[in-house]
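Hello,

Here is the structure for your files. My notes on what was found follow below it.

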Amino acid sequence: MNGAGGVFDELVGQSEAQRVLSEAARGLGMTHAWLFTGPPGSGRSTAAVAFAAALQCDDGGCGECHSCRTVLGGTHPDVTRVIPEGLSLGVDQVRTLILEAGRAPTSGHWQILIVEDADRLTEAAANALLKAVEEPPARTAFLLCAPSTNPAEVSVTIRSRCRVLVLRQPPPGAIAELLVARDGLDRREAELYAAAAQGHVGRARRLATDADARVRRHDVLQIPRRLTGLGACFTAAVELIEAAEAEAAGTYTERSAAEKEALETALGKGGTGKGASKAARGSAAAMKELEKRQKTRDTRAQRDSLDRALVDLAAFYRDALAAGFGARVPPIHPDMAETTRAAAGKLSAESLLRRIDAILECRKAIEANVRPRIAVEAMMTKLWQV
Ligand SMILES: [Zn+2]
């Protein structure tokens with residue numbers, strides 16, 4: 001088994017998954033297709049990459065050899081990692097990837113295709129993948145990742161063809177350990193961010209390492225105090241949405257520009273004579289398609305960011321509710337204890353619960369494609385009044 005330094009050390013609070021994967025890497029219960037599932041932030045893709053390293057390593061994932069290091073670093077020739085949000089994952093690209101995944105591994109171990117966010121594949125792409133998973137080449141392993149929050153999003157058929165590995169939500173204590181050991185935080189800070197991240201490892205590390213993320217969290221947690229009238233509600237709604245847009249805007253700017261440039265180069269500039277105008281029309285369509293997909297990706301990033309803020313806000317009222325009852329549960333926002341106690345002093349349990357409901361409703365409405373601005377304004381007025 002792997003001791004300290006092994007590739008599975010990357011996983012936080014997942015001892016059962018570690019056991020299953022390191023056994024499989026040594027041949028026990030190994031199969032061609034795996035589905036890594038679990039709540040957001042539980043480390044699905046981290047687990048898949050660690051498993052890929054363990055499969056390529058002569059020692060079950062030592063974490064130190066050339067194979068381990070190149071897999072973890074993303075440069076191993078026999079491991080391909082794709083993220084559908086990289087935009088290029090239509091059915092044709094999936095077919096190409098599957099063809100490549102069918103090649104004999106150069107290392108003599110496995111040829112591995114990791115598909116993150118497999119729930120975001122188009123239907124045609126998912127079907128192409130399913131075919132490959134059903135008849136896998138002898139030395140090929142497919143490692144798919146998808147959130148468990150919405151099981152309907154990965155087809156039942158794909159699920160039934162894979163060995164499903166369920167990751168649990170890592171406990172705050174395990175996340176705090178990681179922040180101390182990896183990011184050098186002191187214990188108090190580590191515990192604060194681990195609690196505030198509510199089981200999301202990436203979020204905890206972001207809070208630990210990104211001052212802007214801490215400022216945004218702080219601003220969100222000031223909202224309850226600021227809702228003193230209808231005007232304040234609308235202001236708070238606009239600011240919350242603008243903060244989410246600002247956070248999301250930076251996420252893909254460079255990548256989008258690079259994609260556009262790559263496409264322009266691939267399409268060639270201009271051309272004359274027969275067929276040139278037909279080619280131009282084709283180019284325009286390809287560019288339009290790229291822009292459409294980039295816009296979808298930006299929208300999703302904004303929604304993810306806004307949802308993060310709403311989760312933080314709901315936890316504020318949850319902490320107030322717990323404080324009001326004198327419940328002995330650890331707070332999600334320990335640094336806000338005074339403010340949540342004050343809120344508990346002013347608001348009844350019923351009205352705190354109604355506020356939590358209002359936030360959940362807002363999240364659902366946005367998920368159902370209600371314009372965020374409309375949904376957030378409605379929520380803010382409820383947070384002020386109910
Ligand atoms: Zn190794």
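**Zinc site and strand β4**

C57 counts as buried because its relative accessibility is 6% (buried means under 20% relative accessible area, exposed over 50%, partly exposed in between, with a 1.4 Å probe and protein chains only). C62, at 21%, counts as partly exposed.

This is a predicted model, in which local features need pLDDT of at least 70 and side-chain atom pairs count only at pLDDT 80 or more, while totals for chains, interfaces and linings use all residues. Residues are numbered from 1 along each chain as its sequence is written, and side-chain values use heavy atoms, without hydrogens and water.

The SG atoms of C57, C62, C65 and C68 coordinate the zinc ion at 2.3 Å (donors are N, O and S atoms within 2.8 Å of the metal, or 3.2 Å for Na, K and Ca; water is not among the atoms, so sites may look incomplete). Along the chain, the donors follow the spacing C-x4-C-x2-C-x2-C. The site is tetrahedral, with angles of 103 to 115° among the four donor atoms (four donors count as tetrahedral if all angles lie between 85 and 135 degrees).

Strand β4 covers residues 140–147, and eight of the eight are buried, so the strand is largely enclosed by the rest of the structure (strands are DSSP runs of E, at least two residues; helices are runs of H or I, at least four; both are numbered from the N terminus). T140, F142, L144 and A146 lie on one side, and A141, L143, C145 and P147 on the other.

β4 pairs in the parallel sense with β1 (residues 33–38) over six bridges and with β3 (residues 111–115) over five bridges (two strands pair if DSSP finds at least two bridges between them). F36 has C145 as its bridge partner in β4, and Q111 stands opposite T140.

Regards

Terms used:
Four donors count as tetrahedral if all angles lie between 85 and 135 degrees; four count as square planar and six as octahedral if opposite donors are over 155 degrees apart and all others between 65 and 115; anything else is irregular.
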